[in-house]
Structures are given as structure tokens and as C-alpha cells.
Amino acid sequence: MIGMGTLQPVVALAAWTMVMWLWMYITRIPAIGKSGIDTKNWVGSTGKSLDDVLPDKIQWKAHNYNHLMEQPTLFYAVALVLAIAGAGDGMNAKIAWAYVILRIVHSLIQATWNKITVRFSVYMLSNVPLLMLITHAALTVFKH
């Protein structure tokens with residue numbers, strides 16, 4: 001299957017997103033219990049409302065999970081375009097892995113230490129491989 005190299009990092013980032021989802025709930029559910037929130041009468045709230053109730057360190061995992069639902073959607077789309085167009089192997093696969101690794105590093109920073117300047121630097125750096133992939137996809141699909 002020619003051009004499918006970008007699909008492995010797609011699956012890896014999707015799997016990592018589920019790791020963050022699990023980590024979020026493993027930490028958040030006990031914290032909700034300790035917070036005194038009356039969950040039996042809890043109506044119409046969102047996860048964001050927990051920012052005012054739960055410790056920041058607990059919410060960092062949820063914030064990162066939300067981040068994994070934002071910009072990585074561009075990565076998924078462009079990686080699939082490259083794979084379908086037969087251009088997902090070689091350098092594009094390596095670039096896709098670089099993006100995934102940087103997003104995992106970003107997650108680990110945000111979920112544990114959350115030093116904003118470091119986290120932001122990794123986030124900005126992750127945009128480089130994403131922009132490269134978007135450029136390569138554009139050059140591939142618009143060359144005709």
C-alpha cells in the first residue's frame with residue numbers, strides 16, 4: 001500500500017488522545033468526589049465549570065484533552081489526504097511522526113508541570129511539521 005506511512009502517526013495520536021481521556025477521568029472523578037459537588041443534583045454544567053471548583057493540576061489534563069480535539073484535526077485531515085494521494089510515505093511520514101511526538105510532549109508538559117513558556121514553545125514548534133504537511137498536501141493535490 002503506497003503512501004500509507006502517515007496513517008501510523010494518525011493512529012498513534014488518536015491512541016494518545018484516548019490515553020489523555022483516561023488520565024483525565026482517573027484524576028477528575030476522585031477530585032469531583034472530594035470537592036463536595038452534589039452530583040445527584042448536578043444539571044446543565046460543562047467541564048469548564050469545574051475550573052472554578054477543582055484544582056488546576058486536575059483540570060490541566062482536561063484542558064489538554066480539549067486541545068487534542070482542536071488543532072490535531074488539521075493534522076488528521078492532511079495526513080489522510082497525503083495517504084489517499086499516495087504521498088504519505090518517506091519524508092511526509094517522518095514529518096507526521098515529528099508532529100505526533102511534539103503533541104505528546106506538549107500533553108505531558110501541560111498535564112504535569114504546565115510551565116506556560118515551555119508548553120507554548122513546544123506548541124509553536126509543533127506547527128512547523130504541521131505547516132510542512134499542509135504545504136506538501138497542497139503541492140500534491142493542486143499539481144494537476
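This is a predicted model: local features need pLDDT of at least 70, side-chain atom pairs count only at pLDDT 80 or more; totals for chains, interfaces and linings use all residues.
1. Setting aside neighbours within four places in sequence, leucine 133 is in contact with Phe75, Val78, Leu82, Asn92, Ile95 and Ala96. Another core lies apart from it, made of five residues, including Ile32, Leu50, Leu54 and Ile58.

2. Leu133 also stands out within the largest nonpolar core. That core has 18 residues, and Leu13, Phe75 and Leu133 are the ones that touch the most other members. At least two residues of this core come from each of H1, H3, H4 and H5. Helix H4 provides the largest share, namely five residues.

3. Which of its residues are buried? They are Pro72, Phe75, Val78, Ala79, Leu82 and Ala83.

4. What do the buried residues of H3 pack against? Their partners are helix H1 (7-35), helix H2 (56-67), helix H4 (91-113) and helix H5 (116-141).

5. The length of H3 can be checked by simple reasoning. The helix comprises 13 residues (72-84), and at 1.5 Å a residue these should span 18 Å; the C-alpha atoms at its ends are 18 Å apart, so expectation and model agree. After H3 comes glycine 86, which has a positive phi, near 80°.

6. The overall architecture may now be stated. The chain contains five helices and zero strands, and its pattern along the sequence reads α-α-α-α-α. Along the principal axes, the C-alpha trace spans about 60 × 30 × 20 Å.

7. Some totals for the chain complete the description. Of its 144 residues, 39% count as buried. Among contacts with a separation of 6 or more, 80% are accounted for by residues 24 or more positions apart. The chain exposes about 8,400 Å², and carbon and sulfur atoms supply 70% of that area.

Notes:
Residues are numbered from 1 along each chain as its sequence is written. Side-chain values use heavy atoms; hydrogens and water are left out. Helices (H or I, at least four residues) and strands (E, at least two) are DSSP runs, numbered from the N terminus. The expected span of a helix is 1.5 Å times one less than its number of residues. Buried means under 20% relative accessible area, exposed over 50%, partly exposed in between (1.4 Å probe, protein chains only). Contact means heavy atoms within 4.5 Å. A nonpolar core is a set of buried Ala, Val, Leu, Ile, Met, Phe, Trp, Tyr and Cys residues joined through side-chain atoms within 4.5 Å. Accessible areas come from the Shrake-Rupley method with a 1.4 Å probe; for residues, only the protein chains shown count as cover.
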